Amino acid sequence: MKYIYAFAEDQTLTNTELGGKGANLAEMTRLGLPVPAGFTITTAACRRYLNADQPDGEFLEGELMKALQRLEAKTDRQFGNPDQPLLVSVRSGAPISMPGMMDTILNLGLNDQTVDGLARKTHNPWFAYDCYRRLIQMFGDVVYGIEKSVFEAELTALKREKQVENDTDLSLADLKQLIQRYQALYQSADNAQFPQSVTEQLNLAVEAVFKSWLNSRAKTYRRLHEIDATMGTAVNIQQMVFGNYQGKSGTGVAFTRNPATGEAGLFGEYLLNAQGEDVVAGIRTPDPISTLSDQLPAIYEQFKGLANQLELHYKDMQDMEFTIEDGQLYVLQTRNGKRTPQAAFKIAVDLVTEGLIDRQTAILRLKPAMIEGVLHPVFDPKALEEATMLVSGLPASPGAATGTIYFDAQQAQRANEAGESVILVRQETSPEDIDGMVVSQAIVTSRGGMTSHAAVVARGMGCCCVVGCSQLSVDAERKQANFNGQILKEGSTISVDGHTGRIYQGALKQQTGKQQTALNTILEWCDEIAPIDVWANAETPKEVATAFEFGAKGLGLVRTEHMFFGPERLFKMREMILADELSDRQVALTALKELQLADFKAIFELAQERPCTIRLLDPPLHEFLPHEEADQIALAKDLQISTDEIKRRIAAKVEVNPMLGHRGSRLAVTYPEIYQMQTLAIMESALAVQLKQGHAITPKIMLPLIGTSNEMDLLRQLLVDTIDEFLEEQGQEMDYHIGTMIEVPRACLVADQIAVSADFFSFGTNDLTQMAFGFSRDDIGHFIGVYEEQQIITKDPFQTIDQDGVGALMQIAIERGRRTKPELSIGVCGEVGGDPDSIAFCQSLGVDYVSCSPYRVPSARLAAGQVAV
Ligand code: ADP
Ligand code: MG
Ligand code: MG
């Protein structure tokens, strides 16, 4: 088996074998871009190494030496030869990019001899020793697990002793001393030594990168992004180029478009006289890429051209790493850039407009889950005016968050577990902080730029983030931070505006984000091709308005019971339920009807000609009754009956299994007057709105919990008689539809009979799932975790449709229903109506529309569009 390939050696290899970084280095080499030479060890080697009982890199050593010899020939240098030293980087690169989660070592090949060779050859001893001390530092961290901070502390101590501020102010002698101190750290930390044999350096580094696949931050990242944990990482060995060399040297990171907003144009940062991770690590605050055009105009132009070429080639926004060595530009990495959800939509639309991709590709690149991120909250503008700003920094990732501040990841995690809304405030973040970042509402750093670790990770998570707040200094040890003169302790409350980069004192009121134009464009494209419509479940005027703003084509479920919970209504409802005589019930119902009329009018006015499906009263009546003694006494007083009497009447309504009890259409079989009242209220309000607005309205009245065709026939007749009498009285005509929820398993099986009296079906997947499994939705919480753990069930069937069972029932119902009525309109109005996977499945069954809560409408529209491509 061949495990090693030179860049561009074999065109057929992809990310799976070469890792993302390796595949792109190969591709850029093929395109003729200035990429330092190198080769890639495949993921297969990593898997072989990690899967062995006793991990041992020996199987690779021969092939590795040969690859190295070829690299020596190509570069005209030799690994370990002081006269002509070849230095390389050893870089991890997983099949799916996991930025910063695994390890990389630079300047490999330096030892006490070659460092002098490099010094002689470059006539720059300072540079050579700077490379050497960086190698010892990274090698110690990656191979021996000696923390970066231990080395940093040594460096800081030395700078203090020498009374200098910057690394670059240290003298050559200082660097040599630093190297000795570093080597001593190996001794004290691990009783180890920095290997002087360059071959040993290489072998150890490669193995360490293999092992970094299993480090805890990589694991967390994979879990978070649902990345397959068995793939392993590739390792890239590449000739070093030096951004810390001299004069016109530097290193940087750039995106072809702004990863926070999606705006077109080169966006990035660089540092002159710097190497590798200096930019990303947030150690010095870098300069924006635009100033490179003043400092090194020719290089800037060349880089812009390359960036453009890469974007055209990959047809997506690129995230690139580059290094300039003594006036020579090198590209060290490119990948499709991570971006905020907001940027993702804008970029997708722009790429279509620019002709790089077609609409279908654009639609497929977006994920329904991103939409929540686009509708990011913002602070209320009024609240902002009155707020006290503490500091400001770079707006790295949009959003608005209020929470209590913590200065280290573990504290943040603990506070989050205690239920606090947490904001992580740090000097800078590093991959070790990932567990704390995940649980934070916002991340704030005092250092670093728009491409710093904090910024990149936060954007990936859609988490609000502000970086580089220069007026902020964090003292993690003393658990406090100085916000431009104001000291805030751990646990203080601040508000973070990720749109502007401003940090405010205390809590600020928020408003949900306005819809974005790019999002709307994409969703309109989706609507054009979607084979299934998206309606909404809504009942209050506010929800209904939101649903239509978000693009719902109709209302699939207006639950009337929610309308009876206001204090005044609840009283009338209780009066109606507890009435012993029909005449008393009628009085209460008349009052309730007045209230319902107003409810329905408001809905019809907003809906105009869009379909409205109103479901008649569904829950067991006892849900409306008071269970506290004090409330019962008060109610008895209101109703002018004794407390004993009220207790007796309430007790009479108690059921052992209320969800399988006297509810839904069963209520109307015993109390027809309830549905008659609701039906009249629906027709009367629809007629009034139709006359006033001039829109043709066809109310859709929906009967819940039908299980037999006799129920359906009986209740249809009841409603039809009520409506006909009403219309005749009014001397008006109006179309209406009477349909049913399909939520009792039996109804699925006799759907052909039920369809005789039903104008439409709507699957109530919550009840249908509950009854199909025999799982009580309210009690499943006690054991569903164990079911998922033991993989008895892989997904919560109340969130994602159970295709095999509930899905089969639906299929039967659709087939039988349409056997009776081929044109029968069929919808889904349960929780799963907003779930992207379930939407595709529903479409495949022949469902006409799904109906979900207003906030899920946009993501459902995207999912519906994706079904078509
Ligand atoms: P990550 O995946 O964490 O970004 P990389 O392998 O890309 O790690 O390495 C990090 C940085 O190290 C790069 O951005 C680049 O600046 C520097 N680097 C890596 N290889 C080389 C090289 N051959 N020459 C110069 N710099 C390099
Ligand atoms: Mg890195
Ligand atoms: Mg990189």
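Four strands each supply at least two residues of the shell around ligand 1: β3 (88-93), β4 (104-108), β5 (234-239) and β10 (328-336). The model is predicted. Domain 1 (4-236) and domain 2 (250-336) each contribute at least three residues to the shell around ligand 1.

By residue class, this shell divides into 8 polar, 4 charged and 4 nonpolar residues. Of the 16 residues around ligand 1, those that come nearest are Lys21, Arg91, Gln239, Glu321 and Gln333.

| Residue | Protein atom | Atom of ligand 1 | Distance |
|---|---|---|---|
| Lysine 21 | polar side-chain atom | oxygen atom | 2.7 Å |
| Glutamine 239 | backbone N or O atom | nitrogen atom | 2.8 Å |
| Serine 89 | N or O atom in the side chain | nitrogen atom | 2.9 Å |

On its own, ligand 1 has 540 Å² of accessible area, and the protein covers 95% of it.

A separate site concerns histidine 622. This residue lies in a loop, with β26 (612-615) on one side and α23 (629-639) on the other. Is histidine 622 buried or exposed? Its relative accessible area is 18%, so histidine 622 counts as buried, the cut-off being under 20%. Leaving aside residues up to four places away in sequence, histidine 622 touches His627, Lys653 and Pro658.

Methods: Residues are numbered from 1 along each chain as its sequence is written. Chains are lettered from A and ligands numbered from 1 in the order in which they are written. This is a predicted model: local features need pLDDT of at least 70, side-chain atom pairs count only at pLDDT 80 or more; totals for chains, interfaces and linings use all residues. Side-chain values use heavy atoms; hydrogens and water are left out. A residue is near a molecule or strand if one of its heavy atoms lies within 4 Å of it. A polar contact is a pair of N or O atoms within 3.5 Å; within protein, one must be able to donate a hydrogen and the other to accept it, and residues adjacent in sequence count only if both atoms are side-chain atoms. Accessible areas come from the Shrake-Rupley method with a 1.4 Å probe; for residues, only the protein chains shown count as cover. Ala, Val, Leu, Ile, Met, Phe, Trp, Tyr, Cys and Pro count as nonpolar, Asp, Glu, Lys and Arg as charged, and the others, Gly among them, as polar. Domain bounds come from an automatic or database domain assignment. Buried means under 20% relative accessible area, exposed over 50%, partly exposed in between (1.4 Å probe, protein chains only). Contact means heavy atoms within 4.5 Å.
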